[in-house]
Amino acid sequence: MGKTKHSGRIKLPGKPDPKLWVSRMPFGLGRIKPHHIRDTLKVAWENRDNLPYAARILTQGVCDGCALGVSGLYDQTLEGPHLCTTRLNVLRLNTMPAIRPDMLHADIDELRKLDSAQLRKLGRLPYPLMRGKGERRFRRVGWDEALQTIAGKIRAIDPKQLAFYLTARGITNESYYAAAKVARFIGTNNIDNASRICHSPSKTALKRSVGIGASSCTYKDWIGTDVLIFWGSVAANNQPVSTKYMYAAKRKGTKIIMINPYREPAMDGYWIPSIPESALFGTKLADDFYQVHIGGDIAFMHGVMKSWFEMETEAPGSAVNHAFIKAHVNGYEELKAHVLQQDWQELERSSGLSQARMREFAELLAEAKSAVFVWSMGLTQHRFGTDNISQVANLALLRGFLGREHCGLMPIRGHSGVQGSGEMGADPFSLPGGEFKGDDIARIEREWGFELPKWQGDIVGVSLENALLPDDHERKLKVFYTSGGNFLETMPEPDFVRSCLEQVDIRVHQDIVLNTSTLVDAREAVIVLPAMTRYEQPGGGTSTSTERMVYFSPEIEGPRMPEARAEWSIYAELAALVRPDSASVLGLTDAAGIRQEIARAAPNYDGIQHLRAKGDVFQWGNAWLCEDGICPTPDGRGRLIPVELPERRKPEGHFYATTRRGKQFNSMIYGSHDPFNAADRYDVLLHATDAAKLGIADGDALVVYNQFGTFHGRAKTAEVAPGNVELYWPEGNMLFPKGVYEAFAGIPEYNTAVVVEKAETYHALKDTRYVEKRVAELEMETLG
């Protein structure tokens, strides 16, 4: 842990800087860009029935949108108020009235005609619901009947046939902790969360490279660093307030580099609404874009390191920080030998970038005195995601960009609740304050006062697949308890996921709204439990930001769903019903008491017990983890890890494919058009040269397909690296293979190889022999 405290907020410069302007035309007139003022007015109109409550949420609560950590309207990085459209879009989830009874109890086929956005707009879940096998409508039930039904089923099955899952939608540390404790109290280790599906390779790789499982630095370190690198992360779209930090960094002379297959318009230029200069004329954010192939990052990083080692041969000390490595790093010679044997031609082919471009980036970092690496799912959601992140750590360690001001490794989080989830133990590999192994198991057993199950729990994808096992199999999934989440719209191969959900005996959906997964049949019953939002929970709740700030969000006065309950309290009551004879050891009686427990069970969180009022916050680990290069590893040193190039073959004429986000928050879609490029959600982004080769024009109907699925959309030429295509998520999920997980962290694969054809070509050539030939080709692919 670090010893230096966070130094507090800084002021933005007052004098404009025209060199950073995107355009001298005020408000970006005539350009494709978000319309912040219009969107803000739209949100105000949507919340007109509850405006005072909405205002209190915005000014008193901790943001339940992204994980930047805005408490009220203020953060710990910059002075002045912060508000973004992501937070505003999520706001209505907290202020909606209850779903009308005629809609809530409509025939199930009528509800299934609605997509998740339409279901969300119906309103909040007002009371517990149940729909048994063969029943056409949800019926109202009491809490006792709902929980007794669930508890009775759990008692009747093997604990290995039970799985819990928690999404990141506004869930507090208290709820994650309660779920982690209850799952083990009941006897199952099958518990997982949305954070692990997004960033488990980050935690796994950072643990093995530098001994930490979180960001080593703070947002303030962006401001004034020599180089700020965004790798597979579109922060301007997913964490809009971060554009203020980028603006502040640019004013300090920081170079911002984007490494991504698509030249993201949001990172090219952004109109920051809370900075007058930027709101008028926009701000150029990224100084350069390195457009790697999808999955080509490891090759690119090999090229950077190979350039450094070649520079060292020419002029020792010109690229590698030998003093830092000698004092703080193991594995230098092994990594050097591994990298130097890489072939430049293969690195160019795999990365999609020339040797000259790789050398250019290497020289930029070699000349820099400081750098911060920021990444997200563009690096993690590959079958070699952990190796991707280990490569980033290798770059930082070779240059000594760790454990000091303006330096660090930052896996930026997308949701406000996710950083704390693993730290509270809500996944199959974690316990509060540690891992699910050895000394940590013994420590938690002493703290909790009961024995933990010792078998390895399953990740959620495997748990879902286990629903298809024979009934007498010990891991056959029979009860699936999910807090939030919509697996039909987040997992690869949605039709397969549906078949898994249908084969579960009892599914429990603890949520605030309906979604399409809620409407899928179950073998015995679907039970829906109405949860409170974080702003309604008695005693308030906490959440942890990307930079490890633990914020207190108070209970906020306002209208309530009369039968909604705090998520942590639902878990506690269920556990007491499953094991009534042992319920006295469980605890979990109030939010303040849970925070007291967390402080003991997770030592880094010592301080959370003192958070009790609006604005209360502390940062675990202080400003920099691995401060002064000292890592929390057995020998205190970082480790350089040689990483192999992934095999990424594709037949001639095929494309690498991945997904991107538009106007949405996770799978919650708020608009059919992307405000940054005007694309429709069924548009396929591809390079103009690729389109020309295929005889494709903008707007042409396309079919994108492989052996996993078929996607119908329209062509939209964009600045995507040639040989690659991008589709929107979750609409394109049918193209990605089920059951492909990253070897070290179990993250699902969201990249594949595809054929792109004009729709008329596709349909004209679909005779049997053509199909068989194409599928045979596709089955020979290996792609990460």
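Trainee: With their axes 10 Å apart, helix H8 (residues 173-186) and helix H26 (residues 591-601) pack at an angle of about 70°. Why is H8 called roughly perpendicular to H26?

Mentor: This is a predicted model, in which local features need pLDDT of at least 70 and side-chain atom pairs count only at pLDDT 80 or more, while totals for chains, interfaces and linings use all residues. Residues are numbered from 1 along each chain as its sequence is written, and side-chain values use heavy atoms, with hydrogens and water left out. The angle of about 70° lies in the range 65 to 115 degrees that counts as roughly perpendicular (under 35 is roughly parallel, over 145 roughly antiparallel, the rest oblique), so H8 is roughly perpendicular to H26.

Trainee: Which residues of H8 and H26 meet?

Mentor: Asn173, Glu174, Tyr177 and Lys181 of H8 meet Ala591, Ile594, Arg595, Glu597, Ile598 and Ala601 of H26, contact being heavy atoms within 4.5 Å. By class, the residues of this contact divide into 5 nonpolar, 1 polar and 4 charged.

Trainee: Why is the pair of Tyr165 and Phe487 called edge-to-face?

Mentor: The structure holds 23 aromatic pairs, and in this one the ring centres lie 4.7 Å apart with 65° between the planes. Rings pair if their centres lie within 6.5 Å, and planes over 60 degrees apart count as edge-to-face (under 30 as stacked, the rest as tilted), so Tyr165 and Phe487 form an edge-to-face pair. The two residues are 322 residues apart, with Tyr165 in strand S3 (residues 162-166) and Phe487 in the loop between strand S15 (479-483) and helix H24 (494-502). Both Tyr165 and Phe487 are buried.

Trainee: How do you know that Ser376 counts as buried?

Mentor: Its relative accessibility is 11%, and buried means under 20% relative accessible area (exposed is over 50%, partly exposed in between, with a 1.4 Å probe and protein chains only), so Ser376 counts as buried. Ser376 lies in the loop between strand S11 (371-375) and helix H19 (377-380). Not counting residues up to four places away in sequence, Ser376 touches His199, Trp231, Gly232, Ser233 and Ile412.

Methods. Rings of Phe, Tyr and Trp (its six-membered ring) pair if their centres lie within 6.5 Å; planes under 30 degrees apart count as stacked, over 60 as edge-to-face and the rest as tilted. Helices (H or I, at least four residues) and strands (E, at least two) are DSSP runs, numbered from the N terminus. Axes are lines fitted to C-alpha atoms, for helices over the stretch in contact, and angles run from 0 to 180 degrees between N-to-C directions. Ala, Val, Leu, Ile, Met, Phe, Trp, Tyr, Cys and Pro count as nonpolar, Asp, Glu, Lys and Arg as charged, and the others, Gly among them, as polar.
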